[in-house]
2 protein chains.
Amino acid sequence: MGLPQQADLEGIAPPARANLQERVYRELRQAVMRGHFPPGRSLTIRAVAAALGTSAMPVREALRQLVAERALAMLPNRSFGTPLMSLAQFDDLKHIRMRIEGFAAAEAARRIDRATLRELERIDGAMAHAVRQVERARFIALNQEFHFTIYGAAGSAVLLPIIESLWLQIGPYLTFVFASGARPSVTHATHRPVIAALKRRDPAAAEAALAADIGEAALILQRVASFAP
Amino acid sequence: MGLPQQADLEGIAPPARANLQERVYRELRQAVMRGHFPPGRSLTIRAVAAALGTSAMPVREALRQLVAERALAMLPNRSFGTPLMSLAQFDDLKHIRMRIEGFAAAEAARRIDRATLRELERIDGAMAHAVRQVERARFIALNQEFHFTIYGAAGSAVLLPIIESLWLQIGPYLTFVFASGARPSVTHATHRPVIAALKRRDPAAAEAALAADIGEAALILQRVASFAP
DNA sequence: CAGGCATCCTTGTGATCACAACTGTTGTAA
DNA sequence: TTACAACAGTTGTGATCACAAGGATGCCTG
């Protein structure tokens, strides 16, 4: 009965749990992280349910899950929405990101293999291409892929969800990248030292280079974004 | 109509939102963090609802929220429960904790005020008392209060929920403290250098002392706990 | 006595309904 | 014209029901 057990089947992806709630959650999560919703955007259960063609049940659970991850917040009017940060909060987030993601980069420098390094080179090349074509959405997706390839190489199942939560928190502010004419090529420039440090297996340099990348990106965002008082 | 606005009312606690779901969430969250549930303990929606005298609705949302914070996990049998870690995962968690909570301690050393320092002394004294009386539950609560007083002094709204998530993840392993005859006095000894470093406003020393405290505590837990293969 | 199968029970999941709190608007009266 | 009250609409929240998927249990048969 059935195919014989094969070693290939080790550690394959979970069956994706044909869970409606899970699908709604993934959908909203990616939308937030890719900057589809501006800061302060309010999301009502019924509106999302209607947009996705489901009932309210899966949506309210997905929204609540995203609140727990700090991707969304409960507005004072007891409604869901993307958080609106003050400049001080944005700065706080930037510093924590530099520290935690820098740490992940240092760990990655100790463990990364050749195949993953080549993967980073590939993404970096694709980003340069996306810059020329001014495909901002693709650029943001590639940037995300670049960073999380490194964080994945750090090999910590504890660290990864933490970093994802941090990215969910800046997510809404990526909308300003679309709105403004900011040249994303700067980010590309800051990626090169990261790759170089990883190749040299230099943890301290990797940490510094990645922190610099985050700092640069935050500086650009700070210029074009608007903040809560 | 009503009382005149007073400056005293600035920044008071939110009205606690007489939310049933919120209350269930808080209850379960604290139970997990205080080590009321052993690793691998399964929690069914209906059982919790019955225990709390509510319907299933608030409970399922609270459970899902806790899954998002890594306090609970979805067991392969599609049921909720506290996570069961392997020794490698426990070690990973320990290292991330030492790094992130150490960083928080370093920040706290830069910003902590005299009143909070006195508060730490008070908690430390109470812990010594609890040790003598072998009140393990009280000891765990005080230890939690000690650490989070420091983390609160770090003054980062981004860092605090991250650390709370880390504590939720070790929570179940605190049950072994109750089960075993482990002497918690060691923890008290490692708290003294932390306080000393904070008093000296020495970030590096505070980070090292707090990391040492976490390392010591994890070592004790490692001895008495049992892990997944 | 052992193995396999049918049955029941438990589980999470999704939908629907009723409700209270709040918002914004509209209509009326001074 | 303005102020206030009533109302309609929207929102999250909680309860309840139906259902499919597993898992366990017990019965029946060889």
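Q: Where does T82(A) lie, in terms of the elements of chain A?

A: T82(A) lies in the loop between β3 and α4 (87-111) of chain A. Keep in mind that this is a predicted model.

Q: Is T82(A) buried or exposed?

A: Count C-beta neighbours. A residue is buried if 20 or more other C-beta atoms lie within 10 Å of its own. T82(A) has 26 inside 10 Å, so T82(A) counts as buried.

Q: Which residues does T82(A) touch, leaving aside those up to four places away in sequence?

A: T82(A) touches V32(A), F37(A), P39(A), G40(A), R41(A), L72(A) and P172(A). For separation, take E107(A). T82(A) and E107(A) are 25 residues apart in sequence. In space they are 31 Å apart, C-alpha to C-alpha.

Q: How does V67(B) read by the count of C-beta neighbours inside 10 Å?

A: V67(B) is part of helix α3 of chain B. The label partly exposed falls between exposed, at 12 or fewer, and buried, at 20 or more. V67(B) has 17 neighbours inside 10 Å and therefore counts as partly exposed.

Q: What does V67(B) touch beyond residues up to four places away in sequence?

A: The contacts of V67(B) are L72(B), A73(B) and M74(B). V67(B) and P83(B) are 16 residues apart in sequence, and 9.7 Å apart in space, C-alpha to C-alpha.

Q: In what order do the three strands of the chain A sheet come?

A: The order is β1-β3-β2, in an open sheet with antiparallel pairing. At the edges stand β1 (42-43) and β2 (73-75) of chain A. Each has a single partner strand, so one side of each is left without a neighbour in the sheet.

Q: How many bridges join β2(A) to β3(A)?

A: Three bridges join them, and the two strands run antiparallel. M74(A) has F80(A), in β3(A), as its bridge partner.

Q: What rotation superposes chain B on chain A?

A: The rotation is 180°, with 0.0 Å of shift along its axis and an RMSD of 0.0 Å. The two copies are thus related as by a two-fold rotation axis. Among the residues of chain B, Q65(B) comes closest to the axis, at 2.5 Å (C-alpha). The same surface serves both copies, as 100% of the contact residues of chain B recur in chain A.

Q: How many residues does each chain give to the contact?

A: Chain B gives 19 residues and chain A gives 19 residues. On the side of chain B that touches chain A, α3, α4 (87-111) and α7 (159-170) of chain B each give two or more residues. The largest share, seven residues, comes from α4(B). By class, this side has 10 nonpolar, three polar and six charged residues.

Q: Which residues are closest to DNA strand C?

A: 18 residues surround DNA strand C, and the closest are L20(A), Q21(A), S55(A), M57(A) and I45(B). Elements giving two or more residues are α1 (20-33) and α3 (56-68) of chain A, together with α2 (45-52), α3 (56-68) and β3 (79-81) of chain B. This surface divides into eight nonpolar, seven polar and three charged residues.

Q: Which residues are closest to DNA strand D?

A: They are I45(A), L20(B), Q21(B), S55(B) and M57(B), out of 18 residues that surround DNA strand D. Here α2 (45-52), α3 and β3 (79-81) of chain A each give two or more residues, as do α1 (20-33) and α3 of chain B. The classes are eight nonpolar, seven polar and three charged.

Key: Residues are numbered from 1 along each chain as its sequence is written. Chains are lettered from A and ligands numbered from 1 in the order in which they are written. This is a predicted model: local features need pLDDT of at least 70, side-chain atom pairs count only at pLDDT 80 or more; totals for chains, interfaces and linings use all residues. A residue is near a molecule or strand if its C-beta atom, placed from the backbone, lies within 6 Å of it. Helices (H or I, at least four residues) and strands (E, at least two) are DSSP runs, numbered from the N terminus. Ala, Val, Leu, Ile, Met, Phe, Trp, Tyr, Cys and Pro count as nonpolar, Asp, Glu, Lys and Arg as charged, and the others, Gly among them, as polar. Two residues are in contact if their C-beta atoms, placed from the backbone, lie within 7 Å. Copies are superposed by least squares on the C-alpha atoms of residues with pLDDT of at least 70 in both. Two strands pair if DSSP finds at least two bridges between them.
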